[in-house]
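Welcome! Here is a short tour of one protein model, taken a step at a time.

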Amino acid sequence: MRRVVIIVSAVTVLIFAALFYQYQQQQQDVAQLHQYQTVLYEKTEQLYEEAQDWQNPIQLTTQDPRLQGDYRVMADFILSYLKDNAEARNVYLRELKSIAWDQFLDLKRLDQDKKQNYSQTQSMLINARSLAAQYQSQNEQRHAQALAEAEHLNIQTRLKQTLVESLKSQQDQDMYAVFELEQQILVKAEALFDILKAHQWQAKDGQFFFYQDQPLKEFNRLYQEVIELNGKIEQIKQGHKAAVEAKL
C-alpha cells in the first residue's frame, strides 16, 4: 500500500488573509496589513516545504520582526496552529511507518506472515486503527483549544471575530478530507485481508494467486478501489499545492 501523503492546512491561511481585504479601506495601517499577508504567504510556503520531510521535526519560526501589534499576534497564532497541525500529521506518518503500514499489502510479507497465522498483519491493523483514532482525537482537541485561545487574544474585536469564524470553518479543509479518504483505505485494507484469511492463495509471479475466481474478483475490485482512493488523495495534494503557489 502506498504511503499516505502529507497535507498542510495552508489553505486555511489563505482564507484568513483573504477575509481581511474587506477591511482594507477602513484600516489606518494598510502597509502593515500587506506585510501581514506577505509574511503569511512566505511562512506558509516554508511550512509546506518543511512538512514534506515528514521524518524530521518542523523548524519554522512563527514570529516575524516585520510585523507589529495585532498583526504580529495574529500571524504568530495562525502559524503556530498550522505548524502544530502539520507536525501532528508528520508524527502520525512516522508512527504509521514504525508499524510498517506502508508494507501492509506487501506480497512477500503476507506470504511469510501466513505461516504465522497472520499474527503480524493482525497487529498492524489494530495499531493502525488505534493510531488513527488517537490522531483524530488530538486534532479535535487541538482545534477546540485553538478556538478557546482565539477568543482571548488581545487584538481588535472585529479581527478576533474574523479569526474565530475562520477557525470554525477550518475543519472542512483539505487535511480532513485526506484523513477521511485514508480511513476509507483502512476499511478497504481490512476487507482485503479478510479475503486473504478466508481463501486459499499463494504468491506466484509477484502476484496474489487464488484457487477460486470469486475471491480473486473481489480482491481485485477492492484493490482497484484502494488505488482510486490514493488517486483522490494525490489530486487533493496537487490542487492544494497549486492553490498555495498561485497566491505566492
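## Buried or exposed

A residue counts as buried when its relative accessible area is under 20%, as exposed when that area is over 50%, and as partly exposed in between, using a 1.4 Å probe and protein chains only. The model is predicted, so local features need pLDDT of at least 70 and side-chain atom pairs count only at pLDDT 80 or more, while totals for chains, interfaces and linings use all residues. Residues are numbered from 1 along each chain as its sequence is written, and side-chain values use heavy atoms, with hydrogens and water left out.

Of the 248 residues in the protein, 46% are buried. The accessible surface comes to about 12800 Å², calculated by the Shrake-Rupley method with a 1.4 Å probe, where for residues only the protein chains shown count as cover. Carbon and sulfur atoms hold 46% of that surface.

## The overall layout

You will find 8 helices and 2 strands here. These are DSSP runs numbered from the N terminus: helices are H or I with at least four residues, strands are E with at least two. Along the sequence they follow the pattern α-α-α-α-α-α-α-β-β-α.

Taking contact to mean heavy atoms within 4.5 Å, residues 24 or more positions apart account for 74% of the contacts with a separation of 6 or more.

## Aromatic rings

Rings of Phe, Tyr and Trp (its six-membered ring) pair if their centres lie within 6.5 Å; planes under 30 degrees apart are stacked, over 60 edge-to-face, and the rest tilted. The model has 12 such aromatic pairs. One of them joins tyrosine 92 and tyrosine 135, stacked at 4.4 Å centre to centre with 5° between the planes. Because tyrosine 92 belongs to helix α3 (residues 69–98) and tyrosine 135 to helix α5 (residues 119–151), this pair ties together parts 43 residues apart in sequence. Tyrosine 92 is buried, with 4% relative accessibility, and tyrosine 135 is buried too, at 3%.

Elsewhere, Trp201, Phe208, Phe210, Phe219 and Tyr223 form one aromatic cluster. A charge sits over a ring if NZ of Lys or CZ of Arg is within 6 Å of the ring centre and within 35 degrees of the ring normal. Lysine 114 lies over the face of tryptophan 201, 4.0 Å from the ring centre, and lysine 204 lies over phenylalanine 209 at 4.7 Å.

## Where two helices meet

Helix α4 (residues 107–114) packs against α5 at an angle of about 115°, their axes 7 Å apart. Arg109, Leu110 and Asp113 of α4 touch Ser119, Gln120, Thr121 and Met124 of α5.

Conventions:
Axes fitted to C-alpha atoms, helices over the stretch in contact; angles between N-to-C directions.
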